[in-house]
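Trainee: Could you walk me through this one before I set anything up?
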Amino acid sequence: MTLTQSPPIIQQPAARTVGRSYQSIAFMLVVSLLMLGGIGGRLAYLQLVEGNRNRQLAENNRIRLIPKQPERGKILDRGGSILAGSRLSHSVFLWPLARKQSEWPATLNRLSQILQIPEAEIQKRLEQAGYTSPYLVRIARGVSPAQVTALAEYSSEMEGVEVDAEAVRYYPHGDLAAHVLGYTGEMSDEELEKRKDEGYRLGDVIGQMGVESAYEKQLRGEWGGQQVEVDGMGQVVRILGEKQTQTGRDVRLTLDLKLQKAAETALGDRKGAIVAMDPNNGAVLAMVSRPAFDPNLFSTRITDAQWQRLQSEDHPFVNRAVQGYPPASTFKIVTTTAAIESNKYSPDTVLNTYPSITVGGIEFGDWNRAGFGVLGFAGALKWSSDTFFYQIAMGIGDQTLIPWTRRYGFGQKTGIELPEEAAGLVPDDAWKRKELGEGWYLGDTVNMSIGQGFLQSTPLQVAVMFAVPANGGYKVKPHLFKDNEAARNWRESLQLRPETVDVLRAGLREVVDGGTGAALNVSTIPPTAGKSGTAEDFGRESHTWFGAYAPLDKPQVLVVAFGENSGGGGGSFAAPMVRQVLEAYFNPNKTVNQAAAIEPVLTD
């Protein structure tokens, strides 16, 4: 029997099962196409639209710019001694790009606690630079060793924070010559906006006053730095390029350090100013103003306590050597010149003096309330007789006195390299009508003849006035920059007749030789000539003046001392200070001690 095998039975899938399989495949295909389309579109957007920006961000994450501030040029005295230099100090910087913006707040809070700087202040500095900036941003200078240690202890929380050494301004003599030297400080937002075209950047240090400001371009130097490649941890892999910083140029002044110290000692804690100058070329050898300040305070962050202590002083940032005050009887040099040069009075003029004279119904008294009898010009200067010069003023009038005042340099800046210099004031009829709404009276001329009234002059301008009789009739240009050849060689003749110069010199010598300047008639200095002055300041103590030059036959130096609201008289208060500076000049190896003012007495 033959057996036959049945064919296998093949079961066909149901129509419903086939439909589901095709749906899954189609769904997956659509999803894949959508995903690939989205990814492709995103890639196209990032490459075509955002390509440049993203390449820059990637480069910034890899390439880091490390700027290096230049060392500021030194300020030297005439002999090369350092008045302002630099020292190394620790500063704290932020690298904005190192962290995401959201990661900075906790770090800033910790920095604020360690550095004692308001968190908002650090935040502002970071935002000014920008969170994607590759540049280091300085947030603190002059960080103490204890703060450096604290920052190291919290280094794990301080990603993007760096502590580096950099040069900061240093004044080795503290507040000596502070008003001349000035100080440095970081630029404000307003200063940066004005000077950003000059290459300044956020955090730059700039001269804020005095020589530091006047010679900023020479002193500042040129920035340098490194371009480095860093890894993901911010570590330097290699240096790609480097530009060396250029140290600023040194500036040598006319100041003499030893004489400056002597002048500072002579003035002491008294409010006022002292100027010492070469009467032949205008080189300023010393310039002191009190109250003063220590410019080192501004080389780092000044504390609130330090700032409040400064503010408790009476305007410590005002350089009184270049601010205006009534010059008092020192001005009688100008009145004498105007009288003789006008030909209205001869050099041999003799006048009687009085306890007082009446002008326009107003009584003008002599300082001794008694008069001095009959005097000539030399005697009137010797005793500083007010009524003598009142009569001279009435004879020559304001039309002669005021022009001669201006010819001596009053009412205009001397041109010294100090931005803070004031021009002073030479009043006249036009000024008085504009400011006070009334015309010029004869009494105004009388008052002006003895350096009172509305007249305002600086101690430096008074020094320029004293240079005229000292050097034989020439106005000089005061200057601080030793290599300022234009100023050193500048001399303007006032075209005085020899007899005018002779009268001035004779009178100024008599002031010292037995007159109101007898404090300088000593053997410790060569024969000297000078003039005292005492200016009323209604409601307050008087201002006092004394100016002198020496040696008599061939002057080398002149000194003007001014006491603001010091009380007493110029011959008793200011003259001893002048003598002390002259002693230091002519005896440079002698130890200098602070001079005490003579007991205040009624003297001009």
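**Around helix H4**

Trainee: OK, and which residues in helix H4 are buried?

Mentor: In H4, which covers residues 119-129, the buried ones are Ile 122, Arg 125 and Leu 126, where buried means under 20% relative accessible area, exposed over 50%, and partly exposed in between, with a 1.4 Å probe and protein chains only. They span an arc of only 100 degrees around the axis, so they sit on the same side of H4; the arc is that of the directions from the helix axis to the C-beta atoms.

Trainee: What do the buried residues of H4 pack against?

Mentor: They pack against strands E3 (82-94), E4 (137-143) and E6 (184-186), and against helix H3 (104-115).

Trainee: Switching topic: how many residues has the largest nonpolar core?

Mentor: It has 114 residues, and those with the most contacts inside it are Leu 253, Ile 274, Met 287, Tyr 408 and Leu 520. A nonpolar core here is a set of buried Ala, Val, Leu, Ile, Met, Phe, Trp, Tyr and Cys residues joined through side-chain atoms within 4.5 Å. Helix H18 (residues 459-471) gives the most to this core, 8 residues. Apart from that core lies another, of 18 residues, including Leu 115, Ile 122, Tyr 131 and Leu 151.

Trainee: And what does Ile 274 touch?

Mentor: Setting aside residues up to four places away in sequence, Ile 274 touches several residues, among them Met 287, Val 559, Val 560, Ala 561 and Met 577; contact means heavy atoms within 4.5 Å.

Trainee: How many residues of strand E21 are buried?

Mentor: In E21 (residues 557-563), 7 of its 7 residues are buried. Val 557, Val 559, Ala 561 and Gly 563 lie on one side and Leu 558, Val 560 and Phe 562 on the other, so that both faces are covered. In a regular strand the side chains alternate between the two faces of the sheet.

Trainee: Which strand pairs with E21 over 6 bridges?

Mentor: That is E11 (residues 272-277), which pairs with E21 in the antiparallel sense, and Gly 272 stands opposite Gly 563; two strands pair if DSSP finds at least two bridges between them. Strand E20 (residues 540-550) is also antiparallel to E21, joined to it by 7 bridges, with Ala 550 having Val 557 as its bridge partner. E20 and E21 form a hairpin with 6 residues between them.

Trainee: Why does Glu 583 count as buried?

Mentor: Because its relative accessibility is 16%. Glu 583 lies in helix H22 (residues 575-586) and, leaving aside neighbours within four places in sequence, is in contact with Val 522, Thr 524 and Ile 525.

Trainee: Last one: where does pLDDT stay under 50?

Mentor: It does so over residues 597-602, whereas the chain averages a pLDDT of 87, with 85% of the residues scoring at least 70; pLDDT is the predictor's confidence in each residue, from 0 to 100. Where pLDDT is low, the predicted coordinates should not be read in detail.

Terms used. Residues numbered from 1 in each chain as written. Predicted model: local features only at pLDDT ≥ 70, side-chain atom pairs only at ≥ 80, totals over all residues. Heavy atoms only, no water. Helix = DSSP H or I, 4+ residues; strand = E, 2+ residues; numbered from the N terminus.
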